[in-house]
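Colleague: I would like to learn how to read the features of a model like this one, taking them in turn. Could you give me the general idea each time and then the case at hand?

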Amino acid sequence: MAWSLGDDSSSATAAGSAPAGDARAACQALDGFDESKYAAKGPDGDIALNRYAAAGALSASAAAGDARYKPLAQAIRRSQDRHARVFDFDAKVKKELDEARRICKDL
């Protein structure tokens with residue numbers, strides 16, 4: 001509601017920062033993601049699954065809004081695509097996750 005009451009300049013600023021905010025949120029989700037808990041039963045597994053999915057969705061949103069975030073989105077997407085094929089966090093999946101985390105550190 002506060003956003004809707006703001007003037008046009010604040011709306012433009014909020015819209016312009018959305019990709020950066022999405023990229024930061026993707027990195028936060030990735031930072032809290034522990035792949036060793038992905039297959040766990042209960043809350044630990046649920047948290048891991050949702051953080052991994054959130055990192056993918058938020059990084060894709062960031063990349064759609066600003067091409068500077070495309071490498072982050074691509075690294076996360078490659079890790080998710082590979083994981084979906086092998087159902088494991090093998091060396092290739094971990095390599096892509098490491099790349100995404102490296103990109104996050106540089107943001």
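Colleague: Let me begin with charged side chains: with which residue does Arg78 form a salt bridge, and how far apart are the closest N and O atoms?

Modeller: Bear in mind throughout that this is a predicted model. The general idea is that side chains of opposite charge can pair when their charged atoms come close. Here Arg78 forms a salt bridge with Glu96, and the closest N and O atoms are 2.9 Å apart. Arg78 counts as partly exposed at 39% relative accessibility, whereas Glu96, with a relative accessible area of 16%, is buried.

Colleague: Which residues do salt bridges with shared partners join into one network?

Modeller: Glu99, Arg102 and Asp106 are joined in that way. In total the structure holds 7 salt bridges, and one of them brings together the side chains of Asp90 and Arg82 at 2.5 Å, N to O. Asp90 is buried, with a relative accessible area of 18%.

Colleague: Turning to the nonpolar core, which residues touch the most other members?

Modeller: As a general idea, nonpolar side chains in soluble globular proteins tend to be buried together. In this structure the largest nonpolar core has 20 residues, of which Leu30, Phe33, Leu72 and Leu97 touch the most other members. At least two residues of this core come from each of helix H2 (8-31), helix H3 (43-65), helix H4 (70-86) and helix H5 (91-106). If residues up to four places away in sequence are set aside, Leu30 touches Ala55, Ile76, Leu97, Ala100, Arg101 and Cys104.

Colleague: Which cysteines form a disulfide?

Modeller: A search of the whole structure finds 1 disulfide, formed by Cys27 and Cys104 with their sulfur atoms 2.0 Å apart. Because Cys27 lies in helix H2 and Cys104 in helix H5, the pair ties together parts that are 77 residues apart in sequence. The torsion about the S-S bond is about -85°, so the disulfide is left-handed. Both Cys27 and Cys104 are buried.

Terms used
Residues numbered from 1 in each chain as written. Predicted model: local features only at pLDDT ≥ 70, side-chain atom pairs only at ≥ 80, totals over all residues. Heavy atoms only, no water. Core = buried A, V, L, I, M, F, W, Y, C linked by side-chain atoms within 4.5 Å. Buried < 20%, exposed > 50% of the residue type's maximum accessible area, 1.4 Å probe, protein only. Helix = DSSP H or I, 4+ residues; strand = E, 2+ residues; numbered from the N terminus. Contact = heavy atoms within 4.5 Å. Disulfide = S-S within 2.5 Å. Salt bridge = Lys/Arg side-chain N within 4 Å of Asp/Glu carboxyl O.
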